[in-house]
Number of protein chains: 6
Amino acid sequence: MLSKNVQIFLSCDSEYEESRIVVFGAPFDSTTSFRPGTRFASAVMRSESYGIETYSPYQDLDLEDARVFDGGDLELCFGSPEKALADIEDFTRKILQDGKKPFMIGGEHLVSLGTVRAVAEKYPDLHIVHFDAHTDLRDDYLGARLSHATVMRRIWDIVGDGRIYQFGIRSGMREEFQWARKHTYLHKYDFKTLEEAVSVLKDKPVYFTIDLDVLDPGMFPGTGTPEAGGETIHALRQAIAKVCGLNVVGCDLVELSPHYDMSGASTAVALHAWRELLLSLEKPFIEGPALV
Amino acid sequence: MLSKNVQIFLSCDSEYEESRIVVFGAPFDSTTSFRPGTRFASAVMRSESYGIETYSPYQDLDLEDARVFDGGDLELCFGSPEKALADIEDFTRKILQDGKKPFMIGGEHLVSLGTVRAVAEKYPDLHIVHFDAHTDLRDDYLGARLSHATVMRRIWDIVGDGRIYQFGIRSGMREEFQWARKHTYLHKYDFKTLEEAVSVLKDKPVYFTIDLDVLDPGMFPGTGTPEAGGETIHALRQAIAKVCGLNVVGCDLVELSPHYDMSGASTAVALHAWRELLLSLEKPFIEGPALV
Amino acid sequence: MLSKNVQIFLSCDSEYEESRIVVFGAPFDSTTSFRPGTRFASAVMRSESYGIETYSPYQDLDLEDARVFDGGDLELCFGSPEKALADIEDFTRKILQDGKKPFMIGGEHLVSLGTVRAVAEKYPDLHIVHFDAHTDLRDDYLGARLSHATVMRRIWDIVGDGRIYQFGIRSGMREEFQWARKHTYLHKYDFKTLEEAVSVLKDKPVYFTIDLDVLDPGMFPGTGTPEAGGETIHALRQAIAKVCGLNVVGCDLVELSPHYDMSGASTAVALHAWRELLLSLEKPFIEGPALV
Amino acid sequence: MLSKNVQIFLSCDSEYEESRIVVFGAPFDSTTSFRPGTRFASAVMRSESYGIETYSPYQDLDLEDARVFDGGDLELCFGSPEKALADIEDFTRKILQDGKKPFMIGGEHLVSLGTVRAVAEKYPDLHIVHFDAHTDLRDDYLGARLSHATVMRRIWDIVGDGRIYQFGIRSGMREEFQWARKHTYLHKYDFKTLEEAVSVLKDKPVYFTIDLDVLDPGMFPGTGTPEAGGETIHALRQAIAKVCGLNVVGCDLVELSPHYDMSGASTAVALHAWRELLLSLEKPFIEGPALV
Amino acid sequence: MLSKNVQIFLSCDSEYEESRIVVFGAPFDSTTSFRPGTRFASAVMRSESYGIETYSPYQDLDLEDARVFDGGDLELCFGSPEKALADIEDFTRKILQDGKKPFMIGGEHLVSLGTVRAVAEKYPDLHIVHFDAHTDLRDDYLGARLSHATVMRRIWDIVGDGRIYQFGIRSGMREEFQWARKHTYLHKYDFKTLEEAVSVLKDKPVYFTIDLDVLDPGMFPGTGTPEAGGETIHALRQAIAKVCGLNVVGCDLVELSPHYDMSGASTAVALHAWRELLLSLEKPFIEGPALV
Amino acid sequence: MLSKNVQIFLSCDSEYEESRIVVFGAPFDSTTSFRPGTRFASAVMRSESYGIETYSPYQDLDLEDARVFDGGDLELCFGSPEKALADIEDFTRKILQDGKKPFMIGGEHLVSLGTVRAVAEKYPDLHIVHFDAHTDLRDDYLGARLSHATVMRRIWDIVGDGRIYQFGIRSGMREEFQWARKHTYLHKYDFKTLEEAVSVLKDKPVYFTIDLDVLDPGMFPGTGTPEAGGETIHALRQAIAKVCGLNVVGCDLVELSPHYDMSGASTAVALHAWRELLLSLEKPFIEGPALV
């Protein structure tokens with residue numbers, strides 16, 4: 001008999017029971033006001049993942065030694081953000097209940113609210129590390145409280161003051177920057193103070209959300225709201241490594257928009273970040289004796 | 001002093017008060033499940049309208065003799081279909097109250113529900129002529145009752161049995177085709193029985209909604225849900241002329257998706273339909289003595 | 001526990017054992033001399049298949065009633081046509097041994113040689129129905145005997161004179177047209193004499209190979225060697241229905257090249273042909289009582 | 001010693017002295033007001049010509065039997081239409097003096113004025129057959145008298161009343177259509193009265209100018225000013241054959257714009273027209289005994 | 001009554017009379033010899049400007065506090081550079097006469113000659129700061145004296161020796177670099193000596209022209225003549241700030257070519273430069289008490 | 001008589017006999033497993049070379065002073081790597097026999113095996129300098145020993161241990177990196193130890209092969225296997241200059257894939273490397289008195 005040739009993310013072929021991390025896609029972009037298309041990111045990344053190697057010379061680690069399950073893409077309701085977020089939250093809760101870490105691929109940034117709801121329920125002391133070009137701190141956007149432009153504000157509703165650490169921010173309303181001074185730790189443009197933040201966050205459970213538009217659009221054009229003046233992939237990779245020294249209990253990569261990535265180069269960059277982040281999370285288990 | 005160079009649809013430069021038709025855009029595509037992008041249609045059509053002539057050799061009429069006001073594009077809330085529909089409805093109601101006809105450019109097909117709500121309020125005996133590749137008759141789609149895939153069902157909620165005349169339909173669930181047998185007049189694939197329908201509809205107020213994917217995607221690729229096997233622009237132009245012999249009290253052109261129209265040819269086709277439809281509506285006023 | 005979200009062709013979710021047809025991809029285009037890219041066709045068609053409906057109003061049949069297994073995409077060796085063909089042949093032989101029909105998605109046209117080798121082994125009296133813009137009858141091409149441009153000649157090596165029926169042909173060397181007069185039945189440009197051929201082929205086992213460039217490139221640009229002057233999708237659909245009245249024991253759809261189909265419209269056309277062909281093959285089993 | 005691998009149009013490898021036709025490119029589009037890019041047409045057509053066959057099954061003739069010289073692409077001054085036209089005129093005059101026929105590839109339509117100036121000098125009784133979507137009869141365009149939109153008017157300045165036969169026209173100002181009634185023979189939309197025109201033109205020297213936007217943009221998107229409602233390539237091929245029964249003393253193919261032809265399909269259509277036109281012109285010399 | 005929804009550059013909604021700066025587009029690219037398309041820049045930038053924020057965290061200034069009028073796009077004659085330049089000159093003169101600063105969006109670089117003619121008339125001691133990849137110092141180009149490749153030479157005709165300061169230059173003929181040694185200040189590749197130039201230019205009226213191809217094409221592909229080896233947007237932003245410490249009496253941003261910016265990232269970079277430049281010019285008026 | 005307008009690489013117009021370098025294209029990509037298209041590189045680079053200047057301000061040298069012959073593009077057999085390599089080897093051998101240096105433009109990286117075979121035959125002590133993102137050291141790839149992924153391993157079969165110097169490498173299987181420790185000199189990520197390698201290689205004949213994907217795909221998207229984390233064009237230019245201080249007896253530039261370079265910027269970068277490499281090779285002959 002012939003077996004099914006199933007497409008999963010590169011090397012994410014562990015059985016669910018034995019996996020430590022569950023990668024899944026959240027293809028949703030209904031509130032995107034400018035240029036939609038992040039809904040295509042997880043499917044394209046899954047397919048293009050076969051264009052990179054499983055081995056990272058940077059970390060001398062191999063995805064083949066990691067235990068990752070590909071949970072596929074959620075089927076989310078377009079046109080109803082609340083319904084879509086509920087589905088993401090439920091899916092994440094199940095992963096956490098089974099003692100695994102969620103690793104979500106967006107979709108627009110709003111999807112992070114779904115995972116954070118579930119993660120904060122399990123980890124009441126949750127802190128957020130947030131890489132982005134945009135503040136995402138509006139209280140509402142064109143009348144909507146659930147929007148890519150309000151997602152960090154909604155997360156603040158859950159975790160409260162002093163729990164959100166933002167890096168790379170270079171775009172927002174004046175009022176958002178002012179609001180951030182009182183309620184979040186916001187570092188503009190780059191990752192220069194990341195190490196200090198990391199030392200403060202030691203021993204805290206951390207949710208790590210990366211909006212890929214933190215990268216400079218000149219080098220990462222494949223996103224819907226390009227904002228000039230960002231970081232390089234080199235800097236991002238190093239920053240990821242630093243954050244992964246913390247107790248990261250969940251994470252996501254959002255806002256890749258494949259239709260604006262004609263060449264596939266931005267998808268390759270996103271996959272590079274994905275592999276390095278995944279290996280950083282699995283590092284303690286790969287190097288030392290098996291802990292699970 | 002310098003005057004503002006304002007961009008409006010080609011030759012739609014009448015003052016609001018003296019206009020008979022108001023063209024406006026409804027840039028909304030939040031419920032689009034497959035490939036978004038119709039939100040860009042009205043802005044692209046407005047800009048590209050300068051690539052066609054005001055004069056139609058087919059009708060020997062000129063847009064310069066028509067009285068059309070360009071109402072611009074509505075600013076609609078992404079992520080909340082109900083809110084967007086309410087804004088469209090309000091805008092349409094205002095146009096109708098002022099004794100003018102609404103001519104909306106979508107956007108996804110759901111936007112037609114907004115205009116129909118206002119038009120049916122003014123014309124209780126309203127009938128619908130619907131050109132499309134798809135039935136759009138689902139009762140819900142992935143749990144949502146407001147969706148591009150349910151729009152004709154929602155319009156049926158308003159106008160009821162025997163009021164909707166569908167042409168060109170070639171895609172839908174088996175159940176939708178079965179449902180249509182009892183509740184709408186559905187002609188598959190083309191416009192062959194259009195003349196009979198027109199004779200039945202004589203003297204009725206008609207809302208005319210054209211989903212441009214009724215055209216064959218080989219010749220009209222610029223749409224989000226291409227469905228093989230459609231009609232030519234020649235057939236569409238002739239069909240438009242026939243419908244405009246009726247008392248058309250409002251109309252729309254929806255589902256052009258400019259990002260899938262790399263060459264601009266689909267936009268040119270959409271503008272051809274737009275000009276011919278506009279001139280057909282204005283024909284009685286242009287040829288005879290002014291009636292308003 | 002979470003189940004895997006596996007992506008398969010729309011509605012091809014039968015278990016292998018109970019299936020009657022096996023759809024699979026042959027992503028190979030190494031001998032393509034002009035513009036490569038057909039290797040991407042099966043993956044893109046699988047993914048985009050969710051953009052069409054399972055129900056065909058043309059045949060009043062539904063894919064949900066068919067018994068089709070998706071065998072995924074073969075992993076073929078680029079740079080070695082002989083090795084790739086051997087893998088296709090082996091895969092096809094297994095399908096035939098298990099009493100099922102192979103339905104292959106190319107790839108370049110050369111892949112048909114792999115399936116025909118296996119099918120002709122089981123059905124020594126095999127005849128070929130071939131839709132194409134090109135003769136494909138060269139004996140060698142730039143020194144290579146295995147090439148997209150020689151595939152029908154290689155198939156003739158197997159089945160011999162009078163067994164190949166070619167339709168839609170409008171491009172080739174003068175010598176190929178001359179050669180065809182003696183060795184194949186070649187009908188130029190369209191399908192006009194198809195019915196006569198069908199009556200001749202009654203009771204013969206038939207392999208049906210459709211090179212999608214038989215369609216006019218104006219309406220089907222998504223192919224690597226566009227040749228002006230072809231047929232419409234309407235004509236192709238009707239021709240498919242006629243051929244499927246015969247005893248079709250295997251078939252393929254080849255030469256869709258997604259990178260030249262920016263809008264997705266050609267992929268939609270290919271999927272339209274795929275669904276109609278699949279339903280035509282399953283028609284006897286769906287309508288009457290189950291025969292297997 | 002190694003020889004140069006020179007790229008010329010497919011099979012246009014006759015020496016200049018023995019050639020009967022000279023194909024050359026006029027890469028100029030400076031006056032294009034809407035979307036530039038026809039400057040790239042001749043280079044792209046030359047390169048892509050290797051994607052079609054030299055043999056035409058339609059005429060049973062082969063380019064290998066024709067005597068055509070590829071004169072390459074002229075280097076024309078951008079920003080100065082008068083200078084560019086003078087260079088085209090000089091080049092054409094040389095070809096005519098040497099007893100050969102010019103076959104120009106545009107470029108925007110204005111380039112035809114350059115060839116016609118030289119051809120009309122040699123053939124004072126010159127008549128024009130003009131295939132186009134647009135009238136091109138304005139007297140000036142945004143203040144410029146030399147423009148793609150005025151080219152037929154400027155040619156009329158040379159040849160005068162009753163000498164220009166226009167077919168396929170479906171776009172222009174009302175005033176242009178009115179002007180045409182008195183000064184040219186203008187047939188709208190298609191080629192239906194072409195045969196009558198041909199019988200009138202018997203024995204006249206004819207310059208044949210084909211603006212490829214005469215084709216429907218749904219099937220031929222690769223042009224800068226797409227105008228819905230045109231003809232098919234089948235109709236164009238048949239019309240070309242009819243015109244070539246006349247004494248065609250020069251010709252051109254203009255307005256292919258490769259950047260709007262992402263798939264290459266429009267270029268393939270243009271090359272189809274190019275080959276059929278070239279073979280039609282050479283037909284008398286190929287079929288009978290050599291006449292030169 | 002409904003009001004017109006007019007599209008203007010983001011936040012450039014001051015009335016003409018009260019404005020200090022007039023932004024306007026000069027959509028002209030007729031002399032572009034390589035790849036045209038800069039004609040689309042101003043319209044695309046205007047439309048995409050809504051994708052950036054009005055607030056600059058870099059300067060802690062907001063466009064909402066600036067007084068800018070959007071003069072729209074000039075309608076320029078294609079095919080006649082002299083006519084187009086005259087229209088630009090006239091428009092600029094009007095702005096200057098009304099005591100405002102011109103801020104032009106090209107178009108190809110030649111358009112700068114139009115503004116400089118008017119600005120130099122008002123400020124006889126005018127100096128030029130020129131950012132570019134190319135020298136633009138040819139005396140003629142393919143016979144034309146008015147060309148994108150000659151524009152700085154033509155400006156030198158007006159302002160004379162020692163008045164032009166060029167930065168970022170990395171492409172030109174050997175003769176141009178040699179000529180520059182005697183007639184302009186030319187700094188190759190980057191902005192390293194900009195500060196010294198700024199100190200020299202203190203108290204002089206300066207026209208500031210930025211050809212966006214000064215940026216590295218790897219990070220700014222959206223231009224017609226990409227020249228490897230340029231600067232980053234970070235460096236450009238800092239350089240802009242330095243130049244705006246001078247008395248800038250007019251400026252332009254030229255050579256964005258949107259059709260080569262599939263992702264929109266280059267347009268976002270151009271808008272970033274546009275906002276920072278605009279805010280730098282307005283800085284003295286925003287921060288201190290109103291001076292006008 | 002008219003002369004042929006032959007297109008050759010910019011300024012490569014020396015006669016073969018007097019040339020010192022022969023540039024030629026090897027348009028072959030049959031073994032490319034991921035995304036084909038490098039076959040188009042040499043033709044596109046030749047055509048686009050007219051977009052850069054012959055003069056290099058970096059080296060103060062001009063291509064007009066170099067003696068380069070353009071050998072055109074080889075016509076290689078698709079689908080048969082061994083046959084294609086044999087043709088490349090023969091062509092290279094002829095160039096070497098005539099005392100000239102080969103400068104090949106790929107194609108996929110496998111083509112380097114063809115040139116190296118001929119060069120190593122003439123220079124038995126040949127060393128290799130290899131810039132790349134990928135190790136290319138597999139012994140076979142999907143069963144094929146001749147593949148873009150095995151090319152450096154096949155070259156090692158010829159030159160043996162310690163002769164291959166690899167720079168910029170950041171992708172490969174763990175086993176390849178381990179293998180490299182024993183058999184090649186492999187420097188990861190960048191060119192930092194290049195100077196040391198150069199001092200070791202003094203007096204050795206060197207073949208210099210540059211896979212352009214050594215550049216960061218953010219800045220050089222035009223390649224088939226983009227690998228994040230590479231070098232800038234500035235670093236590459238400087239590295240090229242260093243290697244050209246050695247006795248470079250042959251070289252190539254491979255893996256530009258124009259279809260993934262929508263903007264042309266990657267082609268411009270490739271041409272920049274091409275010009276600087278060509279001038280560096282010719283430097284000794286241009287600056288001092290003629291030596292040949």
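Start by selecting F:Lys100 in this predicted model; you will find F:Lys100 in the loop between helix H2 (81-97) and strand E5 (101-106) of chain F.

Is this lysine buried or exposed? F:Lys100 is buried, yet has no salt bridge. Select F:Asp98 as well: this is the nearest side chain of opposite charge, and it is 6.3 Å away.

What does the side chain of F:Lys100 reach instead? Show the backbone of F:Tyr16, and you will see that the side chain of F:Lys100 reaches its backbone oxygen at 3.1 Å. Then move on to F:Glu17, whose backbone oxygen lies 3.1 Å from a polar atom of the F:Lys100 side chain.

Leaving aside neighbours within four places in sequence, F:Lys100 is in contact with F:Tyr16, F:Glu17, F:Ser19, F:Arg20, F:Val22 and F:Ile95.

Next, follow the chain from F:Lys100 into strand E5 (101-106) and switch to a cartoon view. E5 belongs to an open sheet of eight strands in chain F, in the order E4-E1-E5-E10-E9-E6-E7-E8, with parallel pairing. Which strands are at the edges? Select strand E4 (68-73) and strand E8 (185-188) of chain F; each pairs on one side only.

Select strand E7 (residues 164-169) of chain F, which pairs with E8(F) in the parallel sense over four bridges. To see one residue pair there, pick F:Phe167: its bridge partner in E8(F) is F:His187.

How values were computed: Residues numbered from 1 in each chain as written. Chains lettered and ligands numbered in written order. Predicted model: local features only at pLDDT ≥ 70, side-chain atom pairs only at ≥ 80, totals over all residues. Heavy atoms only, no water. Pairing = 2+ DSSP bridges. Helix = DSSP H or I, 4+ residues; strand = E, 2+ residues; numbered from the N terminus. Buried < 20%, exposed > 50% of the residue type's maximum accessible area, 1.4 Å probe, protein only. Lys, Arg positive; Asp, Glu negative; His and termini not counted. Salt bridge = Lys/Arg side-chain N within 4 Å of Asp/Glu carboxyl O. Polar contact = N/O pair within 3.5 Å; in protein donor to acceptor, adjacent residues only side chain to side chain. Contact = heavy atoms within 4.5 Å.
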